[in-house]
Amino acid sequence: MADETTEVLIVGGSMVGLAQALFLARQGIRPLLVERHAEISAHPRAQAASPRTMELLRALGLEDAVRARENPHAQYGDILQAESLTGAELGRFDGPFRFDRHEVGTTGWTLIGQDRLEPVLRERAEELGADIRFATEMTEFTQDADGVTAVLRSADDGSERTVRARYLVAADGSRAPIRTSLGIGHHGPGVFGRQMNIVFHADLDPYVAGRTFFLCFVSNPVVKGVLGKLGGADSDRWVLAPSLPPGSDHRVFGTEDCVELVRAAVGVPDLPVTVESATSWEIAAWVADRFRSGRVLLAGDCAHVMPPTGGFGGNMGIQDAHNLAWKLARVLRGQAGPGLLDTYEQERAPVAEFTVDQGVIRYLQRSGLDEAAAARHRPETTVLFGHVYRSDAVVQEAGDDDTAVVEDPTSPTGRPGTRAPHLPLVREGKDVALHDLLDGGFWLLTGPGGMAWQEPAAALGLSFHRVGAEEPPEVVERFLARYGVQRTGAVLVRPDGFIAWRSGGAVGEPAGSLTAVLDTVLRLA
Ligand SMILES: Cc1cc2nc3c(=O)[nH]c(=O)nc-3n(C[C@H](O)[C@H](O)[C@H](O)COP(=O)(O)OP(=O)(O)OC[C@H]3O[C@@H](n4cnc5c(N)ncnc54)[C@H](O)[C@@H]3O)c2cc1C
């Protein structure tokens with residue numbers, strides 16, 4: 001008999017585990033999250049929340065809270081390439097932009113260190129009822145047909161207790177002890193090298209000399225790496241991320257070595273520098289062979305790892321968690337068949353393969369290692385918003401036999417399996433973006449002549465919006481064009497903002513059609 005029970009045990013309390021706790025709590029599930037460290041890591045690590053991550057956090061009312069913690073010195077725009085901060089400039093290329101420029105969504109990148117984002121996720125998850133325990137390590141687990149039994153050890157006093165969970169979400173990072181113990185391998189290009197993160201304090205303003213850039217890639221005989229300014233109370237806090245060869249270890253670099261690397265990156269041999277911390281991580285690219293084993297589901301870095309170029313890694317993990325949350329919640333509530341959980345891997349594994357490849361391409365290009373990779377390069381909006389899911393939780397249309405994993409979201413097809421295109425709606429006289437409405441349930445959108453869908457939608461518990469009831473004609477035209485339906489047509493949007501099904505026009509029995517579609521999507525049929 002276990003000491004306690006929970007519906008979902010999340011192992012790992014970093015970016016992805018905390019996001020999983022937040023999204024599950026938002027769905028009304030009270031997960032138990034365990035993290036072996038005593039507190040959120042102070043290392044900056046990933047530096048940017050993507051526009052899609054921001055879209056999800058905005059729907060939870062967290063956009064302002066995240067923006068308020070944005071790195072105060074964040075500079076959007078160019079990425080600079082130079083011999084050193086004071087040396088010759090070798091080039092500039094596009095970096096993250098504050099606001100989306102393609103009308104794909106309502107938000108843009110937010111430059112916020114992982115150390116500053118995670119407290120926001122944790123606080124809201126706890127407010128919504130998640131049970132989050134730091135200084136608690138999961139030391140072993142077993143699973144059977146009905147659930148998982150795990151042993152939790154307190155780092156404070158070494159005491160142990162057992163917990164019985166119906167599902168376990170592994171968010172335990174790239175070393176992936178849970179995945180490994182399940183015998184799930186991984187595939188992909190493998191390890192490219194190591195990257196050190198040296199957090200230091202120095203007055204670099206005279207050497208920045210009024211230039212604006214998000215990051216500065218430096219390359220000279222002493223150091224090859226990335227220099228970036230960090231937020232926080234100290235305006236002189238920076239990070240230098242030098243590349244190390246595979247197999248090397250940052251621990252061979254003492255404080256003086258770190259100071260010399262910083263001086264070489266800045267190009268000032270006697271620069272006063274105070275090193276705050278130094279750590280390193282593996283730059284690698286791989287995808288797990290499976291994302292699920294029985295009652296255990298993998299999310300984030302334990303399922304896929306990619307180079308930091310592009311800023312896709314941690315953001316991908318947040319979207320894994322979002323995809324999984326509504327499915328777990330409905331299965332746990334008996335509103336969906338257990339088969340719905342199979343669609344997690346069906347949807348996220350192909351997207352992970354694609355995104356890892358895009359991270360690798362950007363890494364090879366920026367390192368000057370493989371210019372030929374440019375041929376496979378896809379625009380950032382496509383990588384972030386263009387996913388096309390092919391799964392049992394999507395009603396694929398007859399004739400749609402395109403197997404592409406992505407489409408261009410600036411020219412959306414509105415096909416089932418794609419993210420619902422952005423729409424500026426009006427509800428009760430107030431402007432609201434479609435994705436801001438997605439509060440965890442299914443929505444049925446119809447054209448202006450879609451009145452016949454309203455009653456059956458309400459009877460099935462679907463939220464309903466008739467485009468044109470309050471919107472001006474140009475929004476109606478945009479809806480019809482972007483969603484590929486007629487004025488009497490309807491589109492079913494899943495809780496994660498992806499289109500489950502659409503009907504080009506009116507049908508004889510809308511109630512019967514909607515019931516059949518929901519049974520299919522929720523794997524009840
Ligand atoms: C030093 C460092 C620097 C990085 N820099 C960048 C960067 O510049 N840009 C970028 O895009 N990405 C960077 N990354 C990667 C980025 O941090 C990850 O993509 C992101 O954190 C993914 O989050 P995750 O939650 O999946 O895994 P992780 O952040 O690795 O978190 C896993 C968590 O699980 C916990 N855990 C593991 N096993 C157990 C257990 N048995 N019981 C309890 N807790 C457990 C760990 O303590 C850890 O907190 C960096 C990573 C590191 C380590």
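## Cavities

Counting cavities of 30 Å³ or more gives 6 in this predicted model. A cavity here is a set of points, on a 1 Å grid over the protein atoms alone, where a 1.4 Å probe fits but cannot get out, while a pocket is an open set with protein on both sides within 12 Å along at least five of seven lines; lining residues have an atom within 4 Å of a point. Points are joined across faces, edges and corners, and a volume is the space filled by probe spheres set on them. Residues are numbered from 1 along each chain as its sequence is written. As the model is predicted, local features need pLDDT of at least 70 and side-chain atom pairs count only at pLDDT 80 or more, whereas totals for chains, interfaces and linings use all residues, and side-chain values use heavy atoms, with hydrogens and water left out.

The largest cavity holds about 210 Å³ of space. Its lining has 18 residues, and Ala59, His322, Leu438, Gly440 and Pro495 lie nearest the centre. Helices H1, H2 (51-59) and H8 (313-332) each supply at least two lining residues, with H2 giving the largest share, 4 residues. Helices (H or I, at least four residues) and strands (E, at least two) are DSSP runs, numbered from the N terminus. By class, the lining of this cavity divides into 8 nonpolar, 5 polar and 5 charged residues; Ala, Val, Leu, Ile, Met, Phe, Trp, Tyr, Cys and Pro count as nonpolar, Asp, Glu, Lys and Arg as charged, and the others, Gly among them, as polar.

The domain assignment gives domain 1 (4-38 + 50-65 + 108-182 + 287-382) and domain 2 (420-521), with bounds that come from an automatic or database domain assignment. The lining of the largest cavity draws at least three residues from each of these two domains.

How far apart are the C-alpha centres of domain 1 and domain 2? They are separated by 29 Å. In the interface, 13 residues of domain 1 are in contact with 12 residues of domain 2, where contact means heavy atoms within 4.5 Å. Together the two domains bury about 1000 Å², 45% of it on carbon and sulfur atoms; buried area is the accessible area (1.4 Å probe) that two parts lose on being put together, summed over both.

## The second largest pocket

Next, a look at an open space. The second largest pocket has a volume of about 210 Å³. It is lined by 13 residues, with Phe442, Leu460, Leu462, Leu518 and Leu522 nearest its centre. Helix H14 (residues 510-521) gives the most to this lining, 3 residues. Sorted by class, the pocket lining has 6 nonpolar, 5 polar and 2 charged residues.

Helix H13 (residues 473-483) has Val475, Val476, Arg478, Phe479, Leu480, Arg482 and Tyr483 as its buried residues. Buried means under 20% relative accessible area, exposed over 50%, and partly exposed in between (1.4 Å probe, protein chains only). The cover over the buried residues of H13 includes strands E19 (424-427), E21 (443-446), E23 (490-493) and E24 (499-503), along with helix H11 (434-437). After H13 comes Gly484, with a positive phi near 65°.

Val467 sits in the loop between strand E22 (463-466) and H13, and is buried, with a relative accessible area of 0%. Leaving out residues up to four places away in sequence, Val467 touches Leu423, Leu425, Thr446, Gly447, Pro448, Val475, Val476 and Phe479.

Gln20 belongs to helix H1 (residues 15-26). Is Gln20 buried or exposed? Gln20 is buried, at a relative accessible area of 0%. Neighbours within four places in sequence aside, its contacts are Ile10, Val169, Ala299, Ala321, Leu324 and Ala325.

Gly310 is placed in the loop between strand E18 (304-305) and H8. With neighbours within four places in sequence again left aside, Gly310 is in contact with Trp109, Arg362 and Arg366. The C-alpha atoms of Gly310 and Val360, 50 residues apart along the chain, are separated by 9.1 Å.

## Positive phi outside glycine

Ala209 is not a glycine, yet has a positive phi of about 55°. Ala209 lies in the loop between helix H6 (205-208) and strand E12 (215-219), and counts as exposed at 56% relative accessibility.

Glu428 also has a positive phi, near 50°. This residue is in the loop between E19 and strand E20 (430-433). Glu428 is exposed, with a relative accessible area of 77%.
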